[in-house]
Amino acid sequence: MNLNQNALNQGAAAGALVVVMKLIAYLFGVEAYMSNSVGVGTLVLIIAGMSIACIAQRKIEESFSFKMAFSTAWQGAVVATGIVLIFEVILFGFVDAELAEKVLDFTMDKMQSDMGAIMEIPESLLEETKSSILWWSGPMGKALGWVIGLLFWGVVASIVGAVFKRQSTSEIR
């Protein structure tokens, strides 16, 4: 794979901004860290990084094919999410080893308050959910989630690539 500098730079910038946002949210508590605002902010920042990388690369290239645009966008997403993965492995593993338990407690409370009014949650489901949350909060779970997430970012990169592709300026349409 041919890595381009714009994808690396913009991906690193987007990843760093996401890390700063998540770090600030972490300082406010697990509720802020797990909030919808942080999730949406992460999506927006990474998509912005992908788009800016494509815009910068498109200014350099005379012809910017879909393949080139997709590759640039996806590489930016890989770099950004890789930085966030490293941050979260360090945060959950070394900085705050109890963070996985805090996330578990927050998630279980939210699940019981949301679903408790509708139905009684079986104890076996609660235990299975607890073990699943703890595993996905660990380094192997985060790494697997990152790999699976790259498929999602591939879909987003294809949309970004379709938006930013450009035919050669010397070509007659």
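At roughly what angle do the axes of α6 and α7 cross? Select both helices (DSSP runs of H or I, at least four residues, numbered from the N terminus): their axes come within 4 Å and cross at roughly 80°. The axes are lines fitted to C-alpha atoms over the stretch in contact, with angles from 0 to 180 degrees between N-to-C directions. That makes α6 roughly perpendicular to α7, a label for angles of 65 to 115 degrees.

A word on the model: it is predicted, with local features needing pLDDT of at least 70 and side-chain atom pairs 80 or more, while totals for chains, interfaces and linings use all residues. Residues count from 1 along each chain as its sequence is written, and side-chain values use heavy atoms, leaving out hydrogens and water.

Next, show W135, W136 and S137 of α6, which meet residues of α7 including P139, M140 and I148. Contact here is heavy atoms within 4.5 Å.

Now click F92. Setting aside residues up to four places away in sequence, F92 touches Y33, A97, L99, A100, V103, S137 and K142. F92 is also among the residues with the most contacts inside the largest nonpolar core, alongside I46, M50 and V160. Such a core joins buried Ala, Val, Leu, Ile, Met, Phe, Trp, Tyr and Cys through side-chain atoms within 4.5 Å.

Last stop: T42, in helix α3. Buried or exposed? T42 counts as buried, at 14% relative accessibility; the cut-off is under 20% relative accessible area, with a 1.4 Å probe and protein chains only. Beyond its neighbours within four places in sequence, T42 contacts V18, M21 and K22.

Definitions and conventions
Buried means under 20% relative accessible area, exposed over 50%, partly exposed in between (1.4 Å probe, protein chains only). Helices (H or I, at least four residues) and strands (E, at least two) are DSSP runs, numbered from the N terminus. Angles under 35 degrees count as roughly parallel, over 145 as roughly antiparallel, 65 to 115 as roughly perpendicular and the rest as oblique.
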